[in-house]
Amino acid sequence: MKTKIFTGMLASAALALSASTASAATLDDVKAKGFVQCGVSTGLAGFSAPDDAGEWSGIDVEYCRGVAAAVFGDPTKVKFTALTAKERFTALQSGEIDVLSRNTTWTMSRDTQLGLNFAGVNYYDGQGFMVRKALGLNSALELSGASVCVQTGTTTELNLTDYFKANNMEYKPVVFEKLEEVNAAYAANRCDVYTTDASGLYSIRLTLEDPDAHTVLPEIISKEPLGPVVRQGDDQWFNIAKWTHNAMVNAEELGLTSENVDLEKDSDNPNIKRLLGAEGDFGESIGLSSDWAYNIIKTVGNYGEVFDRTVGAGSPLKIERGTNALWSKGGLQYAPPVR
């Protein structure tokens with residue numbers, strides 16, 4: 001009997017050790033190679049797109065730099081892998097990338113059936129439709145019989161089918177795997193309508209020869225909460241992914257910016273002290289240094305700063321905050337407290 005009990009204890013200990021080892025696997029691997037490998041889009045202005053020199057920018061890119069700042073104290077310690085919608089989940093599942101930050105919609109099936117965890121929502125979006133103004137259309141309900149350009153391997157396809165079926169309308173899908181192919185097809189007038197997330201439509205519209213000749217119709221037909229994704233089974237890395245975004249949102253709410261964070265290091269506000277590592281061991285609890293959040297805020301900025309320069313008023317897209325405003329200002333961005 002004692003032998004069985006001892007054997008059981010050994011088995012339990014082995015399982016606990018295995019779980020502990022697994023939970024730290026991604027962070028250890030990232031530290032060993034010296035950078036975060038981040039999966040992004042093949043090019044969507046405002047979210048993740050390279051310039052002529054190969055430098056990436058966008059709200060999803062800034063999140064990846066935030067993770068690098070949290071882990072290394074250096075936002076440049078990140079490399080980017082451009083992925084199509086079809087490739088993105090396989091790349092994460094296989095370990096080719098450490099985190100996916102690629103305008104990806106959080107859905108139940110993706111969250112429960114792919115072995116993945118969504119770490120938050122860095123952009124609340126919804127699917128829309130873009131058409132040429134010359135068509136004289138004012139509503140998506142006037143699109144019956146239209147040909148519609150859409151990217152395969154996305155939630156957009158299903159939403160498109162559901163919307164037309166619900167409104168007893170017919171349409172002809174014009175489907176492509178790569179975003180660039182969809183863009184080219186619409187630009188070449190191979191379809192009447194382009195459908196994707198509304199933010200993407202505003203971004204793609206800017207790349208067309210005459211942006212003013214195109215309009216985004218008013219209807220939003222779906223909920224598209226976009227956010228970063230990691231593999232299941234690695235709670236430590238999941239915590240780092242979640243709290244990178246939460247740190248940015250909390251920083252904005254507390255009035256901390258990349259410009260004033262040094263001045264606030266001696267603040268008497270307990271919420272600021274905990275976030276910046278002057279009180280408690282919150283960084284150490286997830287395997288990081290005590291100044292993990294300070295490094296994010298100082299080198300990348302708070303959520304509002306990132307939003308403004310990538311997709312907001314300080315960017316070519318000039319998208320209003322809307323649902324992406326802080327909860328205290330009528331939006332949905334709300335982060336749990338550091339305590």
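Cys38 and Cys64 are joined by a disulfide, with an S to S distance of 1.8 Å; a disulfide here is a pair of cysteine sulfur atoms within 2.5 Å. The pair links distant parts of the chain, 26 residues apart: Cys38 sits in strand β1 (residues 36–40) and Cys64 in helix α3 (residues 59–72). Helices (H or I, at least four residues) and strands (E, at least two) are DSSP runs, numbered from the N terminus. This is a predicted model, where local features need pLDDT of at least 70, side-chain atom pairs count only at pLDDT 80 or more, and totals for chains, interfaces and linings use all residues. Residues are numbered from 1 along each chain as its sequence is written, and side-chain values use heavy atoms, leaving out hydrogens and water.

**Disulfides**
- The whole structure holds 2 disulfides.
- Cys149 and Cys191 form a disulfide with sulfur atoms 2.0 Å apart.
- Cys149 lies in strand β9 (residues 146–151), while Cys191 lies in the loop between α7 (179–187) and β11 (193–197), 42 residues away.
- The link of Cys149 and Cys191 is left-handed, with -110° about the S-S bond.

**Burial**
- Cys38 is buried at 0% relative accessibility, where buried means under 20% relative accessible area, exposed over 50% and partly exposed in between (1.4 Å probe, protein chains only).
- Cys64 is buried too, with a relative accessible area of 0%.
- Cys149 counts as buried at 0% relative accessibility, and Cys191 is likewise buried at 0%.

**Pattern**
- Counting bonded cysteines along the chain, the disulfides follow the pattern 1-2, 3-4.
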